[in-house]
Amino acid sequence: MLILGNKYTFTDLELKRLTKKFSSIKHISYKDEDPQVVIADIEDIFSKNSYPVVVLNTKATLDDSIIRYLTNLQFKNSNITIIAIEHFLEKYLHKCYIPEDNNDFHCLDNIKGYTFFQTLQKKGVDYLSVSVLLMMFPFIKYVVKKKIDKQSPGSLYFHQARVGCNNKDFECIKFRSMHEHDSENDVRTATKEDDRKFPWGESMRRMRIDELPQIFNILKGEVHLIGPRAEWNKLTQEYEKEIPYYNQRHVVAPGITGWAQVMFVEGRSKDDTRQKLMYDLYYIKNWSLLLELKIIYKTIVVVLSKRGI
């Protein structure tokens, strides 16, 4: 593939995934470049190898001469696909492009709540999953309580106000995975050297065991099994100010696990949160029962490999 421009910066993880689909990835900068120089660079690249996909990844308006050149190139070789970065991300990386400012509303196309039939399917997945998890819950609760009492005496559960569907707050319940602290005023996100951690709590987070009590949030209709991860309301207020269109993920109910959680493991910075938002919006826009089942499968893989957050 040939990438023209720097509108979107691919992550290392994405480039690693793309190398499995494309044997060679070349990049040409377009900003402040003479159009004839850009055309000469493209010609030189194509003279050495074939590139079936050309990605238009530029904020600037392409010069007419470049557009004519690319069109003629496609006429000469029908195997060449010229694709905008927005469509490329959805097709090959399964995420929606989010601009770095609030000036492009095209990313919101088809981002809407579930239909009645989709809701019925999601409820079916929810209740089937909860029925299985409820059978496992007493044993897991016993093990968790025993280890928490030994390593970090205190409450078994952790309650926190999180943002749900239509921006409505709800009380999320989880197994406590950190030492007890002033959670209302301590707005830090977890880090590797976090002094609030204890060993078993960290293990629970990696295996997602701490999320299990949220099955009761599912029964109350506050969350689904699958969906955008419910975020702390205080952090959400910050994200909404810093990340364009962040609030759009709240058009649907959150989930215990989701597309962002299985596709992008890290989540400690503003850019990480923006990346996860792209996956969340893709999930909302492209929801299907097959995608739902795929996320369940990937979540099981993540849990068994202990790659959780």
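How many disulfides does this structure hold? The count comes to zero. Keep in mind as you explore that this is a predicted model.

**Stop one: the cysteines.** C172 is in no disulfide, and the nearest cysteine sulfur, that of C165, is 16 Å away. A disulfide needs two cysteine sulfur atoms within 2.5 Å. Is C172 buried or exposed? C172 is buried, because its relative accessible area is 1%, under the 20% cut-off. Now select C96, which also counts as buried, at 2% relative accessibility.

**Stop two: Q160.** Next, select Q160 and colour the strand around it: Q160 lies in β5, which covers residues 157-163. Its relative accessible area is 9%, so Q160 is buried. Show the side chains here, and you will find a polar contact of 3.0 Å between those of Q160 and R162.

**Stop three: two residues with positive phi.** Move on to N166, in the loop between β5 and β6 (169-175). Its phi is near 60°, a positive value in a residue other than glycine. At 53% relative accessibility, N166 counts as exposed.

Finish at Y245, in the loop that runs between α8 (233-242) and β8 (255-257). Here phi is near 70°, again positive in a residue that is not glycine. Is Y245 buried or exposed? Y245 is buried, with a relative accessible area of 10%, whereas N166 is exposed.

Conventions:
Residues numbered from 1 in each chain as written. Predicted model: local features only at pLDDT ≥ 70, side-chain atom pairs only at ≥ 80, totals over all residues. Heavy atoms only, no water. Buried < 20%, exposed > 50% of the residue type's maximum accessible area, 1.4 Å probe, protein only. Helix = DSSP H or I, 4+ residues; strand = E, 2+ residues; numbered from the N terminus. Polar contact = N/O pair within 3.5 Å; in protein donor to acceptor, adjacent residues only side chain to side chain.
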